[in-house]
Amino acid sequence: MTELTQKNYHAEVENSGIPVLIEFSANPTLPAELTEKYQDQCKFCRVDVSKQALFAKKFELVHLPTSILLHDGKIVQRISGKRSDAQWKKILNLD
């Protein structure tokens, strides 16, 4: 999973040829198995809100954890809270 910052956001997210899921949290909640298995279909990134508070604030987060799905640099969906592997697969249209 790629750690996002203000500096690498454009290169990692806006220039991605595949959908990007950004997790905003203090501790990772996305299952590692999921992020590894589907890395060719979706780019998984994380913003550590405890270290990147000003950057995270730009996304107007209400709850943590929150994940934001982007495609072509545009927000497609916001997901609050933890989800199971099966729920993530459905949200991300995987398999």
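Visitor: Where is Pro65 placed?

Guide: Pro65 sits in the loop between helix H3 (53–57) and E4. Helices (H or I, at least four residues) and strands (E, at least two) are DSSP runs, numbered from the N terminus. Before we go on: this is a predicted model, where local features need pLDDT of at least 70, side-chain atom pairs count only at pLDDT 80 or more, and totals for chains, interfaces and linings use all residues. Residues are numbered from 1 along each chain as its sequence is written, and side-chain values use heavy atoms, with hydrogens and water left out.

Visitor: Fine. What kind of peptide bond joins Leu64 and Pro65?

Guide: A cis one, with omega at about -5 degrees. For background, most peptide bonds are trans, and most residues other than glycine have a negative phi.

Visitor: Which residues have a positive phi although they're not glycine?

Guide: Asp72 is one, with phi of about 55 degrees. Asn93 is another, also at about 55 degrees.

Visitor: Where are they, then?

Guide: Asp72 is in the loop between E4 and E5. Asn93 lies in the segment after helix H4 (85–91).

Visitor: Is Asp72 buried or exposed?

Guide: Asp72 is exposed, because its relative accessible area is 55%. The cut-offs are under 20% for buried, over 50% for exposed and partly exposed in between (1.4 Å probe, protein chains only). Asn93 is exposed as well, at 67%.

Visitor: Switching topic: what order do the strands take in the sheet?

Guide: E1-E3-E2-E4-E5, five strands in an open sheet with mixed pairing. Strand E1 (2–3) and strand E5 (74–80) are the edges, each pairing on one side only. Two strands pair if DSSP finds at least two bridges between them.

Visitor: How many bridges link E2 and E3?

Guide: Six, in the parallel sense, between residues 20–25 of E2 and 43–48 of E3. Glu23, for instance, has Arg46 in E3 as its bridge partner.

Visitor: And Thr66, which strand is that in?

Guide: Strand E4, residues 66–71. Thr66 counts as buried because its relative accessibility is 3%.

Visitor: What does the Thr66 side chain reach?

Guide: The backbone oxygen of His63, at 2.4 Å.

Visitor: Which residues does Thr66 touch?

Guide: Leaving out residues up to four places away in sequence, Thr66 touches Ile22, Glu23, Phe24, Leu61, Ile79 and Ser80. Contact here means heavy atoms within 4.5 Å. Glu23 is also the residue bridged to Arg46 in E3.

Key. Polar contact = N/O pair within 3.5 Å; in protein donor to acceptor, adjacent residues only side chain to side chain.
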